[in-house]
Amino acid sequence: LSRVFTIVLEDFMKAIQVKEFGGSEVLNYTDVETPSISSNELLIKHESIGVNFIDIYQRSGAYPMDLPFIPGSEGSGIVAEVGKNIKDFKVGDKVAYSMASGGYAEYAKVAENTVVSVPESIDFTIAAASILQGMTAHYLAYSTFQLQPGHTCLIHAGAGGVGLLLIQMAKNIGAKVITTVSTEEKKQLALEAGADEVIIYTKQNFVEEVSKITHGKGLPVVYDSVGNTTFDGSIDCLHSRGYMVLYGQSSGAVSPVDPQLLNRKGSIFLTRPSLGAYMKTREELNWRSGDIFRWIDEGKLNVRIGLSLPLSKAAQAQDDLGARKTTGKVVLIP
C-alpha cells in the first residue's frame with residue numbers, strides 16, 4: 001500500500017533542551033525552533049523515541065556536549081522532509097535511526113547514513129526500542145566476538161534492553177548463556193529470554209558462580225555493560241585468550257588498566273566497542289537492522305518495552321533508567 005502523507009511543518013516544536021550539565025532537573029521541556037535540514041539530511045516526525053544510558057552521560061557532562069543541546073540518539077517516525085541529495089527515502093516513509101542527535105523532540109534532522117526503512121509489520125515503538133539496542137546486541141554477538149554453537153558466554157545486566165536481546169541472539173546461535181541480574185523479578189525475565197544460568201549478583205559472587213558452572217575452565221567471552229563494579233570480576237571469569245568486551249558503564253567508568261593485567265590473566269583481549277564503528281557502511285547498517293526486523297517478524301526476537309512515558313516526562317525516564325529500576329527498553333512518546 002502506498003502511504004499518502006502530508007505534514008504541515010510549524011516553525012517551533014516541543015523538545016527537551018539541556019542548557020547546563022547536571023541531574024535530571026536540567027531537562028527542560030520547552031519550545032524550540034524546528035530544525036532545518038541540509039541536502040544530505042532527512043527531517044523525521046517522531047512517533048517514538050528511545051532512551052539510553054548515553055543520554056544520561058551527556059546530560060551530566062560525563063560525555064562533553066556543546067550547550068545548549070537536545071539529548072537523544074534514536075527514534076522512529078515518518079519522513080517529513082528530504083534534502084535535495086536524498087535518493088533512497090521520500091516524504092511519508094516509515095523509518096528509524098540511531099547514532100544521531102536531537103532525539104528528544106517532535107522532529108529530528110538526521111543524516112541519511114543513519115536511517116533505515118521500517119517494515120509495515122513493525123510498529124513505531126518496537127522500531128524505536130530495537131534499532132540501537134538491537135544493532136548493539138547484533139554487533140556484539142556477530143562481529144566483536146563471533147559467538148558459535150557450543151560457546152558459553154557471560155552477559156551482565158541480563159534484564160536490560162541490550163541484555164534481553166543479546167540473550168536471545170546468543171541462544172538462537174546455539175550458545176550457552178550465563179547472565180547476571182539484581183532481583184528475582186529480573187531473573188525471571190532473563191530466564192524467559194532463554195538464559196541457561198542466572199546469577200543474582202546482589203546475593204551471589206558472580207565470579208565464584210561462573211567458576212562452578214564452567215568447572216573452573218572459564219569463559220571465552222564476557223559482555224559487560226556495567227563497567228566499574230564488574231570489570232575486575234569479569235576478567236577473572238575468562239579463560240586464556242578470552243575476550244573482555246566492555247560496551248557500557250552503567251555503574252561508572254572503569255579505572256585505568258595496566259596492559260600487563262591482560263598478560264597476567266592469560267593474554268586476554270580487551271575491547272571497548274561502540275555501535276558507530278559497526279555501522280560504517282550502508283551494507284552493514286542494512287544487514288544489522290534487516291536481521292533485527294526480520295527476527296522480530298519471525299518471532300525469534302522479543303522486544304520488551306519496560307517503560308513508556310510522554311516526552312515531557314523525560315526526567316522520570318532517565319531517573320528510572322539510571323537507578324536501574326527498569327527492564328527492557330525505555331521509550332518516550334512525543
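The largest cavity of this predicted model is lined by Ala129, Gln133, Gly160, Gly161, Leu164, Leu165, Asn302, Val303, Arg304, Gly328 and Lys329. Helix H2 (124-144) and helix H3 (161-173) are the elements that give two or more residues to this lining.

**The cavity**

- The structure holds one cavity of 30 Å³ or more, and the volume of the largest cavity is about 60 Å³.
- Helix H3 provides the largest share of the lining of the largest cavity, namely three residues.
- Sorted by class, the lining of the largest cavity comprises four nonpolar, five polar and two charged residues.

- Strands of a sheet pair through backbone hydrogen bonds, either parallel or antiparallel.
- Strand E9 (residues 176-181) runs parallel to E10 and is joined to E10 by four bridges; Thr179 has Val198 in E10 as its bridge partner.

**The crossing of H1 and H9**

- Two packed helices are described by the angle between their axes and the distance between the axes.
- On the side of H1, the contact is made by Phe53, Asp55, Ile56 and Arg59; on the side of H9, Gln318, Leu321 and Gly322 take part.
- By class, the contact of H1 with H9 consists of three nonpolar, two polar and two charged residues.

**The largest pocket**

- Rolling a probe the size of a water molecule over the atoms shows where empty space is left.
- The largest pocket holds about 940 Å³ of space.
- This pocket is lined by 48 residues, of which Asn52, Phe53, Ile54, Tyr247 and Gly248 are the closest to its centre.
- At least two residues of the lining of the largest pocket come from each of H1, H2, H3, E9 and strand E15 (329-333).
- The lining of the largest pocket divides by class into 22 nonpolar, 22 polar and four charged residues.
- Phe53 belongs both to the residues closest to the centre of the largest pocket and to the contact of H1 with H9.

**The second largest pocket**

- The second largest pocket contains about 330 Å³ of space.
- Its lining has 18 residues, and those closest to its centre are Pro35, Ile70, Ser101, Gly102 and Lys109.
- Strand E1 (12-18), strand E2 (27-33) and strand E6 (107-111) each supply at least two residues of this lining. The largest share, five residues, comes from E6.
- Twelve nonpolar, three polar and three charged residues make up the lining of the second largest pocket.

**Backbone geometry**

- Most residues other than glycine have a negative phi, and most peptide bonds are trans.
- Leu67 and Pro68 are joined by a cis peptide bond, with omega of about -10°. Pro68 is placed in the loop between H1 and strand E4 (74-82).
- Met99 is not a glycine, yet Met99 has a positive phi of about 60°. This residue, Met99, is found in the loop between strand E5 (94-98) and E6.

Key. Residues are numbered from 1 along each chain as its sequence is written. This is a predicted model: local features need pLDDT of at least 70, side-chain atom pairs count only at pLDDT 80 or more; totals for chains, interfaces and linings use all residues. Side-chain values use heavy atoms; hydrogens and water are left out. On a 1 Å grid over the protein atoms alone, a cavity is a set of points where a 1.4 Å probe fits but cannot get out, and a pocket is an open set with protein on both sides within 12 Å along at least five of seven lines; lining residues have an atom within 4 Å of a point. Grid points are joined across faces, edges and corners, and a volume is the space filled by probe spheres set on the points. Ala, Val, Leu, Ile, Met, Phe, Trp, Tyr, Cys and Pro count as nonpolar, Asp, Glu, Lys and Arg as charged, and the others, Gly among them, as polar. Two strands pair if DSSP finds at least two bridges between them. Contact means heavy atoms within 4.5 Å.
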